[in-house]
Amino acid sequence: MRYRTILLFGAPGSGKGTQGKIIGQIPGFHHSASGDIFRTLDLQSEVGRKFQEYAGRGELVPDEFTVSLWKQFIKGMEYVNQFHPETELLVLDGIPRSLKQAKLLDDTLDVVAVIYLRADLSKMVERLRRRALKENRFDDASDEVIRRRLEVYERETKPVLEFYPREIVHQIDATMSQIRVLHEIVKILVPLKEEHDGHDGLDADVEPVRPLSAGASAGPDGKPADNGAVPAKAKV
Ligand code: ADP
């Protein structure tokens with residue numbers, strides 16, 4: 001099956017990761033960030049060394065390799081019951097990052113929205129510098145690498161926007177406060193999630209409230225003592 005997917009799109013430093021992590025906490029959404037997957041690789045392994053080599057120069061890891069690694073990873077998440085494509089929307093961050101990747105992923109992703117976080121490049125540089133200091137990110141350690149990453153974004157990644165129908169691309173000003181950016185994203189996500197759940201307004205992973213049984217007893221305030229509600233299932 002093709003995964004119903006929302007792409008978080010934008011330059012490095014646009015806030016995709018921050019927003020993606022928050023959205024990934026909402027029941028019914030699964031956040032997957034390619035950069036985070038790469039960073040979990042053992043840097044002594046061949047695969048890990050390959051990542052370090054490219055990311056350290058501010059370049060993209062080759063397309064086929066990236067897509068096949070990501071596909072293996074997401075399948076693994078399904079197998080270990082961490083990702084439930086029937087009930088969850090996939091929120092992708094950092095992938096596809098080139099037209100070639102978008103094409104290679106087309107058999108796997110049913111992209112229903114592209115959320116494009118826009119900001120001018122000087123703002124991005126400032127954020128990336130701050131993050132490099134805070135998170136010890138070797139790929140943003142020098143201005144030279146930051147500049148290269150932003151160039152690669154303009155040249156390789158931006159054309160991805162052309163791959164998807166214009167009507168599903170939503171632009172958001174990434175320089176607004178984080179909570180406002182989140183608000184704008186949530187406004188886009190709500191109808192998509194309800195549609196995925198089947199228009200009934202119920203979260204697919206929350207059991208419906210059972211109707212009152214005929215003999216339900218009333219509490220001291222006249223309201224039923226137990227309305228038979230089933231507690232919401234925790235997200236597994
Ligand atoms: P950021 O959030 O700053 O945009 P990421 O954490 O997504 O950066 O990625 C860090 C590095 O990992 C990238 O500079 C690149 O080298 C590599 N990488 C991540 N995703 C991809 C991808 N889809 N294709 C190729 N390389 C990638």
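Let's start at the ligand. It has 20 residues around it, and Ser34, Glu59, Gln101, Arg131 and Arg149 come nearest. Here, near means that a heavy atom of the residue lies within 4 Å of the molecule.

A word on the model. This is a predicted model, where local features need pLDDT of at least 70 and side-chain atom pairs count only at pLDDT 80 or more, while totals for chains, interfaces and linings use all residues. Residues are numbered from 1 along each chain as its sequence is written, and side-chain values use heavy atoms, with hydrogens and water left out.

Now the polar contacts. For these I take pairs of N or O atoms within 3.5 Å; within protein, one must be able to donate a hydrogen and the other to accept it, and residues adjacent in sequence count only if both atoms are side-chain atoms. Ser34 puts a polar side-chain atom 2.7 Å from a nitrogen atom of the ligand. Gln101 has a side-chain N or O atom 2.8 Å from a nitrogen atom of the ligand. With Arg149, the ligand atom is an oxygen, and the distance to a side-chain N or O atom is 2.4 Å. How much of the ligand does the protein cover? It covers 96% of the 550 Å² of accessible area that the ligand has on its own. Those areas come from the Shrake-Rupley method with a 1.4 Å probe; for residues, only the protein chains shown count as cover.

What is the shell made of? Seven of its residues are nonpolar, five polar and eight charged. The classes are simple: Ala, Val, Leu, Ile, Met, Phe, Trp, Tyr, Cys and Pro are nonpolar, Asp, Glu, Lys and Arg are charged, and the others, Gly among them, are polar. Helix H2 (34-39) and helix H3 (46-57) each supply at least two shell residues. Which helix gives the most? That is H2, with four residues.

Helices and strands here are DSSP runs, numbered from the N terminus: helices are H or I with at least four residues, strands are E with at least two.

Back to Gln101. This residue is found in helix H5. Is Gln101 buried or exposed? It counts as buried, at 2% relative accessibility. The cut-offs are under 20% relative accessible area for buried, over 50% for exposed, and partly exposed in between, with a 1.4 Å probe and protein chains only.

A cis peptide bond joins Ile95 and Pro96, with omega at about 0 degrees. Pro96 sits in the loop between E3 and helix H5 (99-105).

Now step back to the fold. The chain has nine helices and five strands. Of its 236 residues, 42% count as buried.

The five strands form an open sheet, ordered E2-E3-E1-E4-E5, with parallel pairing. Two strands pair if DSSP finds at least two bridges between them. Strand E2 (29-33) and strand E5 (169-173) are at the edges with a single partner strand each, so one side of each has no neighbour in the sheet. On average, neighbouring strands are turned by 25 degrees against each other, direction ignored. For that, axes are lines fitted to C-alpha atoms, for helices over the stretch in contact, and angles run from 0 to 180 degrees between N-to-C directions.

Take E2 first. Five bridges join E2 in parallel to strand E3 (residues 89-93). Phe29 has Leu89 as its bridge partner. His31 stands opposite Val91. E2 is mostly covered, with five of its five residues buried. Phe29, His31 and Ala33 point one way, His30 and Ser32 the other.

Then E3. Five of its five residues are buried, so E3 is largely enclosed by the rest of the structure. Leu89, Val91 and Asp93 lie on one side, Leu90 and Leu92 on the other. E3 also pairs with strand E1 (residues 3-10), parallel again, over four bridges. There, Leu8 has Asp93 as its bridge partner.

One last stop: Asn81. Its phi is positive, about 70 degrees, although Asn81 is not a glycine. Where is Asn81? In the loop between helix H4 (63-79) and E3. Asn81 is partly exposed, at a relative accessible area of 45%.
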